[in-house]
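Good morning. Please look at the sequence and the structure on the screen while I describe them.

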Amino acid sequence: MITALAFIITFVVVGLIVVAAAFSGGRRTADRPPGPSRRSRRSVGILVGLLVLALGVIVPALVIAAGRDSKKAPGGVRLTAADERGREIFAQRCATCHTLQAANAVGKVGPNLDQLRPPKALVLDAVQKGRARGQGQMPAGLVDGQDAQQVATFVAKVAGH
């Protein structure tokens, strides 16, 4: 949202600068009335320069500040450090097969976890035992121990949000 707004504001400012330059007129001849004074041209130039400088600093700062909240998953779900670790592990081991927006995963082999919305116990069971009745589509033990707990917690927390 902020990136789109920054993009639009930048082009509006550029457009206004072009319009101001167009209305300032060109060379003066005897048959044209005199244009703005030197003082008013200087003040407009300073004002436009300050505006461009402010937008060149403020807009990027807002965009950077909006992008820094990596602890927040899509849908506004706040993530703990363990959830962040679960996201990283999911991205490494599960994202090639499963779709999960919070991990930017778009796999096509396994089920879409955003639609399925599995509870933690089901995710943990699937990670430990595998799935597809031993057909090898999801082998058992891809992740184990604390990592499996973190992945299961992360998926249960963010799936469908």
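Predicted model: local features only at pLDDT ≥ 70, side-chain atom pairs only at ≥ 80, totals over all residues.

Which residues have the most contacts inside the largest nonpolar core? They are Phe90, Leu100, Val127, Phe154, Val155 and Val158, in a core of 24 residues. A nonpolar core here is a set of buried Ala, Val, Leu, Ile, Met, Phe, Trp, Tyr and Cys residues joined through side-chain atoms within 4.5 Å. Buried means under 20% relative accessible area, exposed over 50%, and partly exposed in between, with a 1.4 Å probe and protein chains only.

Residues are numbered from 1 along each chain as its sequence is written, and side-chain values use heavy atoms, with hydrogens and water left out.

Let us turn to the overall layout. The protein chain has six helices and four strands, arranged along the sequence as α-α-β-β-α-β-β-α-α-α. These elements are DSSP runs numbered from the N terminus: helices are H or I with at least four residues, and strands are E with at least two. Of the 161 residues in the protein chain, 24% are buried.

Helices α3 (81-93), α5 (120-129) and α6 (145-158) each supply at least two of its residues, and α6 gives the largest share, six residues. In general, nonpolar side chains in soluble globular proteins tend to be buried together.

Consider phenylalanine 154. Beyond its neighbours within four places in sequence, Phe154 is in contact (heavy atoms within 4.5 Å) with Leu79, Asp83, Gly86, Arg87, Phe90, Leu100, Ala102 and Ala103.

Next, is glutamine 150 buried or exposed? Glutamine 150, a residue of helix α6, counts as buried because its relative accessible area is 13%. Leaving out residues up to four places away in sequence, Gln150 touches Ala82, Arg85, Gly86 and Ile89.

Finally, the surface. Ile2, Ile46, Leu50, Leu53, Val57, Ile58 and Leu62 make a nonpolar patch of about 660 Å². Helix α2 (residues 38-67) contributes the most, with six residues. Such a patch joins nonpolar side chains (Val, Leu, Ile, Met, Phe, Trp, Tyr) within 5 Å, or like charges within 9 Å, from residues with over 30% relative accessible area and no salt bridge; a salt bridge is a side-chain nitrogen of Lys or Arg within 4 Å of a carboxyl oxygen of Asp or Glu. Leucine 62, in helix α2, is classed as partly exposed because its relative accessible area is 45%.

Note on methods:
Areas by Shrake-Rupley, 256 points an atom, 1.4 Å probe, with all protein chains shown as cover.
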